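Please walk through this protein chain with the structure open, beginning with the chain as a whole and then turning to its parts.

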Amino acid sequence: MKVDVIIPCYNAERYLAQTIGSALEQTLAPHQIIVIDDGSTDESLAIARTFEAACKGQVRVHTERSGNAARSRNIGASLSEADAFMFLDADDVLAPDALAALASALSSQPKGMAACPWRRLKLVENKWTGRPATCAPRHPDQDALAAWLTGWYYPPCALLWSKTAFVQSGRWDEEATVNDDGDLVMRALANGIPLAETSSGTAYYRVLPEGQVSLSGKKATYGGLTGRFSVVEKIAVTLEEQGLIETYRSAVARAFEFIEKDAAKYYAGLSQQARLKKEHYGLSRWQRLMARAGESQGSGSQTQPVTQASSEEPDEISFGIALAEQLLADSEAAATEERLPWPTPIHRPTVSVIIPVFNRAHLLRRTIDSVVAQSFPDFEVLLVDDCSDDDPAAVVESFGDSRLRYLRQPQNQGVAAARNRGLREAKGEYIAFLDDDDEWFPEKLALQVELFRRSSPEVGLVYTGVETVADDGSYTLQVPSARGDLYRELLVRNLLHGGGSNIMIPRNVIARVGFFDENLPAIEDYDYWLRICRWYKTEVVSAPLIRYNDFRVPLEGKERQERRSLDVKANLDARARFFEKHGAEMRRAGLAHLFLITSARRSLVPEWNDVRGARRLAFKALLLAPKAWGARDVLIRTFWPLAVLRAGVDKGRHVLGSFQGLSSRMPSGSRSRR
């Protein structure tokens, strides 16, 4: 297993040499130590480059101004070619056996992450000494995610990530202010990525002296509190969407309770928001009392978390110092006028274009042509082949364009999985989606990128107008204007027509929203846009900038009917799953009945005509909104034959009754003449 150590660095000249030295003296030598210097103004970069010169091939320095530790870590991960990596802060230290212990633990979960014990590194009487970890204890009945939500954790220096786990977690959230490490780990755990824990090895998390404030030291500031609130809210929503919230309801409520208390003294408004969230996710008063009683009774039997080192350590922690001093001294003695050349800046495209491909090689050239012809040329194209039976690779190769990357899935997994493969491979600042039978007009990318760059960071999605072309060559234009907060409207219906070919998002959105839902048999794009719009605002370029080719496979008779039936069934199955995920939010917004009515109407299309299903959905809508005419309309349609029969019987009875009444009033002679 190749293991890299990634060190983000900004003005860390006091500690960087020991940090690199401790990584170099590991019993399991790292494949590379990658230092990402974020434009340091002290001697950090010079120190890092001295190590690079002394340890050719093992230490690699990359300098790029990002102003953001999470972004620097993402850059480091993009440069790594190892199977696994650790994010080691530029002031933290590793005991010599740390990487070996972590790699051994990770071998049991090769697509997960591993954690080793950690201790604080604290300055005491002018000596950096090891002290116990400072985090809440982990209770015996808590899994890692529940414990993390309630204050137990591992710092980045105690974690080793498989590359698979890191990418599947969505990378570091570059918008996070504090607790960005907790955010990344909790997202991983919430998405089922396993954590292997070991009692071997030790990592040291440095507590900076008074006057030197670290990011974690800002957790009680307004920015720190809002950042913590955002992280917990994000995890709670993820758990809701995955149907796991009941398992973690108590832990989520406690996390909001901590924020409520920390904000109470100076930030009453934020404290109130946290209190409302706590009550929304919390247990009843009786359940809370029982839970706390259980914690109190179990306090004497709590297991110590493995973050506590198991052996005694020397008072002063000097790992890496001697090696660092020797290497620095040797480098100074061998110094000449000749300097190492500055590395060539790594180019990352502005836009990553993701095209899922399946059995449409005959249409693919037209689609790629429309991308290559863009007036905005700074892009890469990821063509993800979902195991086509034809030969899209030959079409891609015929272009001879280095911006085109052909990726073939190991097996057919569907369009959501293909798009997710593209999201995980994407290198661009923005991501645009394009179906393999649609086309872009030349200004599409340019106008969307321009709009993003003059919009606020609150904007997480830009879409465009659409030209839709039908089988007969006729076309219609959609010139949308909806912008801003579209979440409520999207809870009812998809406003962003175009199949996704008109959508562009910033790549960092993935860190908050995650990936396309591969369990949805249809409308996976609608689900993704809704999840994005829950957190972000939307902007629009109203001009039609894509051509949506709404062609149908020419089928006749029964075969055509069966094909349409399968499409309707997939759509309705997906809508049922969609309602399971988002129904709580729909109900809170008072809109759930509208979504159900639409599903009921779709159940009655001629290709499907599921009367019982439509009736059930309509009744469900009426329970939510008794005055909803749309639900009554569906019920009338589903009971129509019976209604007609009853109306006929009633009319017949009325006519017969009238005739009998008239007969009884007639003179007897008149009756006899009849």
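This is a predicted model: local features need pLDDT of at least 70, side-chain atom pairs count only at pLDDT 80 or more; totals for chains, interfaces and linings use all residues.

Residues are numbered from 1 along each chain as its sequence is written, and side-chain values use heavy atoms, with hydrogens and water left out.

The protein chain contains 25 helices and 20 strands, where helices (H or I, at least four residues) and strands (E, at least two) are DSSP runs numbered from the N terminus. Of its 674 residues, 51% are buried, a term that stands for under 20% relative accessible area, with exposed meaning over 50% and partly exposed lying in between (1.4 Å probe, protein chains only). The accessible surface comes to about 32100 Å², and carbon and sulfur atoms account for 51% of that surface; the areas come from the Shrake-Rupley method with a 1.4 Å probe. Among contacts (heavy atoms within 4.5 Å) between residues at least 6 apart in sequence, 77% join residues at least 24 apart.

Strand β7 (residues 118–124) runs antiparallel to β8 and is joined to β8 by five bridges, and Leu123 stands opposite Trp128 in β8.

Helix α17 (residues 487–492) includes Val492, which counts as buried because its relative accessibility is 16%. Leaving aside neighbours within four places in sequence, Val492 is in contact with Tyr526, Leu591, Leu594 and Phe595. Val492 and Ala592, although 100 residues apart in sequence, are 7.5 Å apart in space, C-alpha to C-alpha.

The last stop is a helix pair. The axes of helix α7 (residues 180–190) and helix α8 (residues 222–241) come within 10 Å and cross at roughly 10°, the axes being lines fitted to C-alpha atoms over the stretch in contact, with angles running from 0 to 180 degrees between N-to-C directions. The two helices, α7 and α8, are therefore roughly parallel to each other, a description used for angles under 35 degrees. From α7, Asp183, Met186, Arg187 and Ala190 meet Val231, Lys234, Ile235, Thr238 and Leu239 in α8.

Note on methods: Two strands pair if DSSP finds at least two bridges between them. Angles under 35 degrees count as roughly parallel, over 145 as roughly antiparallel, 65 to 115 as roughly perpendicular and the rest as oblique.
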